[in-house]
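Subject: A structure to look through, with notes

Dear colleague,

Please find the structure below, followed by some notes that you can read with the viewer open beside them.

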Amino acid sequence: MKNIVLLFTALFISGICAAQDVVEDFQPSSVNQPGKQFPQVNSEGRVRAQISAPEANNVRLDIGGVKYEMKKDENGLWTGESEPQDVGFHYYQLNVDGASVPDPGTKYFYGAGRWGSGIEIPADDMDIYALKNVPHGMVSEQPYFSEITQSFRRCFVYTPAEYYANPEKHYPVLYLQHGSFEDETGWASQGHANRILDNLIAAQKAVPMIIVMDNGYAYKPQSSGGGRPAMVFEEVMMNEIIPMIDKRFRTIADREHRAIAGLSMGANQTMRICMNNLDEFAYYGGFSGTSNYPSSDEINVETFLNGAFKNGKSVNKQMKVFWLGLGTKEPEPFPGSVGAFRNMLEKQGIDYVYYESPETAHEWQTWRRDLHQYAQLLFK
C-alpha cells in the first residue's frame, strides 16, 4: 500500500512539474480568424487550442499525427496544448467525441484532402515570407475550360509588382505545383510564394517573373465502362495551361525563360513533365520528391534515367538549373527516394544543386525555403 501511495504521489508531482514546464507566453496564432484569441502558440512552439463544447465527453487536439487530451472547465470550455512543433505551417484539427472538426478559431486552408485548420509556428527565418513595405505583386484567379478533362479548372497567377507599370515588357514564367491532397491555393496561401518573390525581387535577389499555380489533379472524363479515370495533368499542362498563359500574359514564350517546380507529388509530376519536354523547360526544381517518388527503388530510377537522362552531357547542356531540396527531418521514403535519385544523377554525370532545409520535415517550411533558394537561380 505504501508503494502505491508513493507511486501516485510521484505521478502527481510529475504532472505538476510537467505543467510548470510549459512556458506561459502564449500568443494568438498569426492565422487566426479576426478577433479570435485561440489557438495560441508559445515560444517553445507548443499549440494551445480552446473550444466551447459543454455537451462533449472527450475533446482532443490532433496535430502532427498525435492527439492531445484537452480538459473541460465548469463552463464547458475545453483547453489543451501540444508538445513543441517544428517551425512553420501545420494542418491540424479537433476531435470532439470521435468526430474530427476544424477549429472555429482559425482561417481554413486546403490540405489533407479537405478544408481545415492551420497553425503557424514562428520561425527564425520567417523574414523571407514576411509581409513587408515593398512593392507587391498580384495573385489573380484564372478560370478556364479544359477540353481534355471536359471541366472548368482554374489556376492562380502571380505577376510581379512592375508588371502593369511596364506594359511593353515580357516576363519569364515559373510553373509551380502543390503536393498530395492539396490544390492550386496552396502555394499562395500556405506557401506565401507571392511574398517570397516580392521580397526577393525588392532585394534584387531574383528576376521579376510570373508564377503559375495550377491543380495537379486532372482526369479524363469517366468512361461508360467505369473504372478509375486516367490522370492527364501532363497533357493539360503542355496543351492547355502553357498556351493559355502565353496568350493571356506577356510571357517570354521559349524554354530559356520557362521553369517548372513542385513539391512532393508535384515534384514527381513536374519532373516527368520537364524530362518529357526538355525542349520546353530550361530549369527544374524538385522539393521533397523526384521521379521515383515515393519509392526509393534504384531500378525504377535507372529505368527513368535511361530515357530522358541517358545522355548526361546532353542534359547538362540543356538544363540551366537542376535543383533538388529536402528537409533534414523528413521521414522515409523521402530521404531514400531523393538519395537514390541523386546517386543516379551522379552516375549519369548530371550536374545538380542540392539544398537541405535545417530541422524541418515534409512540411511547408521546407518548401518555402526551397522556393526562396530556387527562385534566386532562375533566369540569370
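Is His 90 buried or exposed? His 90 has a relative accessibility of 11%, and because buried means under 20%, it counts as buried. Before you go further, please keep in mind that this is a predicted model, and that every value below is computed from it.

**His 90 and its surroundings**

His 90 is found in strand E8, which covers residues 88-96. A polar atom of the side chain of His 90 lies 2.7 Å from the backbone oxygen of Asp 86. If residues up to four places away in sequence are set aside, His 90 touches Ile 63, Gln 85, Ser 117, Gly 118, Ile 119, Ile 121 and Glu 363.

**The eight-stranded sheet**

Strands of a sheet pair through backbone hydrogen bonds, and the pairing can be parallel or antiparallel. Here eight strands form an open sheet with mixed pairing, and their order is E12-E13-E15-E14-E16-E17-E18-E19. Strand E12 (138-146) and strand E19 (353-357) are the edge strands, each pairing on one side only. On average, and with direction ignored, neighbouring strands of this sheet are turned by 20° against each other.

Helix H5 (residues 265-276) lies across strand E14 (173-177), strand E16 (258-263), strand E17 (283-287) and strand E18 (321-327), and it runs at about 150° to E16. Helix H8 (residues 334-347) packs on the sheet as well, where it touches E18 and E19, and its direction makes about 155° with that of E18.

**An enclosed helix**

Which helix is largely enclosed by the rest of the structure? Helix H3 (residues 193-202) is, because eight of its ten residues are buried. The buried residues are Ala 193, Asn 194, Ile 196, Leu 197, Asp 198, Asn 199, Leu 200 and Ile 201. They pack against E12, E13, E14, helix H2 (186-189), E15 and helix H9 (364-375), which you can follow in the viewer by selecting these elements in turn.

His 192, in the loop between H2 and H3, has a positive phi of about 55° although it is not a glycine, and at 12% relative accessibility it counts as buried. After H3 comes Gln 204, whose phi is also positive, near 60°. A further case is Phe 379, a residue other than glycine with a positive phi near 60°; Phe 379 lies in the segment after H9 and is buried, with a relative accessible area of 12%.

**Aromatic rings**

A pair of aromatic rings is described by the distance of the centres and the angle of the planes. The structure holds 17 aromatic pairs. One of them joins Trp 323 and Tyr 355, which are stacked, with 5.9 Å from centre to centre and 25° between the planes. This pair links distant parts of the chain, since Trp 323 is in strand E18 and Tyr 355 is in strand E19, 32 residues apart. Both Trp 323 and Tyr 355 are buried, and both belong to one aromatic cluster that also includes Trp 187, Phe 287, Trp 364, Trp 367 and Tyr 374.

**Prolines and cysteines**

Where are the cis peptide bonds that I noted? One runs from Phe 38 to Pro 39, with omega near 5°, and Pro 39 has its place in the loop between strand E1 (27-28) and strand E2 (40-41). Another runs from Glu 332 to Pro 333, with omega near 15°, and Pro 333 lies in the loop between E18 and H8.

Pro 221 is found in the loop between strand E15 (210-214) and helix H4 (233-248), and it is partly exposed, with a relative accessible area of 44%. Leaving aside neighbours within four places in sequence, Pro 221 is in contact with Ile 148, Thr 149 and Gln 150.

A disulfide is a covalent bond between the sulfur atoms of two cysteines. This structure holds zero disulfides. Cys 155 is buried, with a relative accessible area of 0%, and Cys 274 is likewise buried at 0% relative accessibility.

With best wishes

Notes: Residues are numbered from 1 along each chain as its sequence is written. This is a predicted model: local features need pLDDT of at least 70, side-chain atom pairs count only at pLDDT 80 or more; totals for chains, interfaces and linings use all residues. Side-chain values use heavy atoms; hydrogens and water are left out. A disulfide is a pair of cysteine sulfur atoms within 2.5 Å. Buried means under 20% relative accessible area, exposed over 50%, partly exposed in between (1.4 Å probe, protein chains only). Two strands pair if DSSP finds at least two bridges between them. Helices (H or I, at least four residues) and strands (E, at least two) are DSSP runs, numbered from the N terminus. Axes are lines fitted to C-alpha atoms, for helices over the stretch in contact, and angles run from 0 to 180 degrees between N-to-C directions. Contact means heavy atoms within 4.5 Å. A polar contact is a pair of N or O atoms within 3.5 Å; within protein, one must be able to donate a hydrogen and the other to accept it, and residues adjacent in sequence count only if both atoms are side-chain atoms. Rings of Phe, Tyr and Trp (its six-membered ring) pair if their centres lie within 6.5 Å; planes under 30 degrees apart count as stacked, over 60 as edge-to-face and the rest as tilted.
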